Amino acid sequence: MKNSSESLSQTVKVRRETAGDAKAVFAVNRHAFDGDVEAKLVDRLRELGEPTISLVAELDGRIVGHILFSRVTVGSGQDSRNAMALGPMAVVPELQRRRIGSKLVETGVEACRERGENVVFVLGHPKYYPRFGFQPAGPKGLHFHSTEFDPYFFVKELEAGALAGMCGMVRYHTVFDEPQTDE
Ligand SMILES: CC(C)(COP(=O)(O)OP(=O)(O)OC[C@H]1O[C@@H](n2cnc3c(N)ncnc32)[C@H](O)[C@@H]1OP(=O)(O)O)[C@@H](O)C(=O)NCCC(=O)NCCS
């Protein structure tokens with residue numbers, strides 16, 4: 001399975017989302033999450049023209065995966081700093097566990113770096129994100145909402161020393177707090 005996964009992920013092309021991809025991106029998120037919540041969140045951020053990085057994974061002309069990075073603010077007041085946060089990300093159920101997600105994370109983190117970003121957060125599964133170099137954020141004094149989320153909250157430094165002096169609450173765009181109803 002490992003070899004076929006590797007060859008599939010090599011065939012998959014990861015590229016920037018372009019105009020016209022929105023419907024396919026919505027469908028990928030809806031299928032992967034088995035509901036519309038994350039799909040609507042992605043639509044809302046796009047509508048608001050938020051400075052996100054949105055990438056799609058394409059296989060034989062079909063969009064089979066998606067990853068989004070959005071702007072977050074760390075800390076408060078005049079010491080607050082900007083960073084990026086990964087999520088949501090999704091791969092269609094029938095092609096999961098074939099390294100498409102890994103390719104999306106790696107390409108997305110590189111796109112953040114190319115844009116001059118130096119810190120990326122993610123709220124997600126503790127077994128998945130550390131393999132890409134994400135480390136627990138809580139012990140570094142960086143939290144999402146409350147310490148309750150510490151086991152799932154990770155950070156990756158894209159440039160040595162970028163986390164120096166960065167601490168406090170990490171706030172996502174308010175759209176993440178809006179109820180996105182699942183119809
Ligand atoms: C999470 C997700 C994007 C990963 O994509 P993928 O193409 O399956 O990932 P990869 O093939 O690169 O990596 C597979 C690994 O991810 C792990 N994994 C997959 N889905 C996971 C999940 N929901 N939680 C934890 N780990 C998961 C598997 O254990 C696997 O590890 P292994 O190969 O060592 O067993 C995909 O499974 C998905 O769309 N899940 C549903 C939506 C979701 O939960 N998104 C993430 C939260 S924003």
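**Notebook: backbone, helix packing and ligand shell**

With 13 C-beta neighbours inside 10 Å, histidine 145 counts as partly exposed. I looked this residue up in a predicted model for its backbone torsion: phi of histidine 145 is near 60°, a positive value in a residue that is not glycine. I placed histidine 145 in the loop that runs between strand E7 (142-143) and strand E8 (153-157).

I then turned to aspartate 60, another non-glycine residue with positive phi, here about 50°. Is aspartate 60 exposed or buried? I found 8 C-beta neighbours inside 10 Å, so aspartate 60 counts as exposed. Its position is the loop between strand E2 (53-59) and strand E3 (62-74).

I checked the peptide bonds next. The bond joining glycine 87 and proline 88 is cis, with omega at about 0°. I located proline 88 in strand E4.

I read off the overall architecture. The chain holds four helices and nine strands, and their order along the sequence is α-β-α-α-β-β-β-α-β-β-β-β-β. Along the principal axes, I recorded a box of roughly 45 × 35 × 30 Å filled by the C-alpha atoms. Of the 183 residues, 34% are buried. Taking contacts between residues at least 6 apart in sequence, I noted that 67% join residues at least 24 apart.

H2 and helix H3 (residues 37-47) have axes 7 Å apart and pack at an angle of about 150°. An angle over 145 degrees counts as roughly antiparallel, and H2 and H3 are therefore roughly antiparallel to each other. On the H2 side, the contact is made by Ala22, Val25, Phe26, Asn29, Arg30 and Phe33; on the H3 side, by Val37, Glu38, Ala39, Val42, Asp43 and Arg46. By class, I list seven nonpolar, one polar and four charged residues in this contact.

Finally, I looked at the ligand. How many residues surround the ligand? I record 18, the closest being Ala32, Gln96, Gly101, Ser102 and His125. Helix H2 (22-33), strand E4 (81-91) and helix H4 (100-114) each supply at least two residues of this shell. Which element gives the largest share of the shell? E4 does, with five residues. I sorted the shell into eight nonpolar, six polar and four charged residues.

How values were computed:
Residues are numbered from 1 along each chain as its sequence is written. This is a predicted model: local features need pLDDT of at least 70, side-chain atom pairs count only at pLDDT 80 or more; totals for chains, interfaces and linings use all residues. A residue is buried if 20 or more other C-beta atoms lie within 10 Å of its own, exposed if 12 or fewer, and partly exposed in between; C-beta atoms are placed from the backbone. Two residues are in contact if their C-beta atoms, placed from the backbone, lie within 7 Å. A residue is near a molecule or strand if its C-beta atom, placed from the backbone, lies within 6 Å of it. Ala, Val, Leu, Ile, Met, Phe, Trp, Tyr, Cys and Pro count as nonpolar, Asp, Glu, Lys and Arg as charged, and the others, Gly among them, as polar. Axes are lines fitted to C-alpha atoms, for helices over the stretch in contact, and angles run from 0 to 180 degrees between N-to-C directions. Angles under 35 degrees count as roughly parallel, over 145 as roughly antiparallel, 65 to 115 as roughly perpendicular and the rest as oblique.
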